[in-house]
Amino acid sequence: PKAVPLTHKNILTNLDSVLSEAITRGLQPQDVLLGMLPPFHSFGITVCTVLPLVHGTRVVYSPNPTDGVTIAQVVDAYKVTLLVGTPTFLNGIMKSSSNRQLESLQLIVTGAEKCTPKVYELFGRRCPNAVIMEGYGVTECSPVISVNHDDDHTAGTIGKIIGAFDYLIVHPETNEKLQHGQTGLLLVAGDCV
């Protein structure tokens with residue numbers, strides 16, 4: 001929708017950085033990804049189309065991320081282990097599923113909006129073996145900028161900036177470099193931009 005041109009190098013660099021740094025468990029041969037994000041968004045095309053193509057990960061598609069009933073049935077029927085979606089979509093899936101339908105999930109990646117404590121709590125009860133990895137990104141960066149790692153995740157945070165980026169935090173008005181821990185404007189550069 002933004003009409004941001006991304007190159008193969010942008011997308012592949014971003015994907016490789018996320019997979020090598022954030023998913024320390026690695027993608028397993030038995031993993032099944034649920035592809036429910038629209039392919040006209042950079043996150044949807046990167047995760048739901050390019051990832052399965054370049055890494056050989058099995059994928060099952062469901063066309064409507066707001067249809068929680070169908071998605072829960074697909075997760076159960078195909079024993080989906082990897083789920084990627086916004087907190088709003090995840091909340092809808094949780095509300096529409098029964099207790100056992102989502103127990104195959106192991107890794108849940110979310111972004112685009114803040115993941116609420118309610119979503120963390122629901123998934124914690126229904127999918128105690130699943131890890132939620134919250135992140136931050138923008139289309140222009142192919143799209144992931146930061147993400148929690150599967151072995152180091154803190155609810156309510158967006159994790160660490162992935163290694164594919166050089167970054168700097170500056171004062172929003174003066175552009176002066178800020179010290180670690182100060183709030184400011186995040187500037188990024190690299191092969192993902």
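Let's start with the cysteines. The structure holds zero disulfides, a disulfide being a pair of cysteine sulfur atoms within 2.5 Å. Cys-115 is in no disulfide, and its nearest cysteine sulfur, that of Cys-127, is 12 Å away. Cys-115 is buried, at a relative accessible area of 2%. For that term, buried means under 20% relative accessible area, exposed over 50%, and partly exposed in between, with a 1.4 Å probe and protein chains only. Cys-192 is in no disulfide either. Its nearest cysteine sulfur belongs to Cys-141, 7.5 Å away. Cys-192 has 0% relative accessibility, so it counts as buried.

A word on the source. This is a predicted model, where local features need pLDDT of at least 70 and side-chain atom pairs count only at pLDDT 80 or more, while totals for chains, interfaces and linings use all residues. Residues are numbered from 1 along each chain as its sequence is written, and side-chain values use heavy atoms, with hydrogens and water left out.

Next, a helix pair. Helices (H or I, at least four residues) and strands (E, at least two) are DSSP runs, numbered from the N terminus. Helix 4 spans residues 87-96 and helix 5 spans residues 117-126. Their axes come within 10 Å and cross at roughly 40°. Axes here are lines fitted to C-alpha atoms, for helices over the stretch in contact, and angles run from 0 to 180 degrees between N-to-C directions. Helix 4 and helix 5 are therefore oblique to each other. The cut-offs: under 35 degrees is roughly parallel, over 145 roughly antiparallel, 65 to 115 roughly perpendicular, and the rest oblique.

Who touches whom? Contact means heavy atoms within 4.5 Å. From helix 4 come Pro-87, Leu-90, Asn-91, Met-94 and Lys-95. They meet Lys-118, Val-119, Leu-122, Phe-123 and Arg-126 of helix 5. Take Asn-91, in helix 4. Its relative accessibility is 16%, so Asn-91 counts as buried. Leaving aside neighbours within four places in sequence, Asn-91 is in contact with Lys-118, Val-119 and Leu-122.

Now the backbone. Which peptide bond is cis, with omega near -10°? The one from Ser-142 to Pro-143. Pro-143 lies in the loop between strand 5 (131-137) and strand 6 (144-147). Ser-142 has a positive phi of about 70°, although it is not a glycine. At 0% relative accessibility, Ser-142 counts as buried.

Last, Ala-112. This residue is not a glycine, yet has a positive phi of about 80°. Ala-112 lies in the loop between strand 4 (107-110) and helix 5. Buried or exposed? Ala-112 is exposed, with a relative accessible area of 77%.
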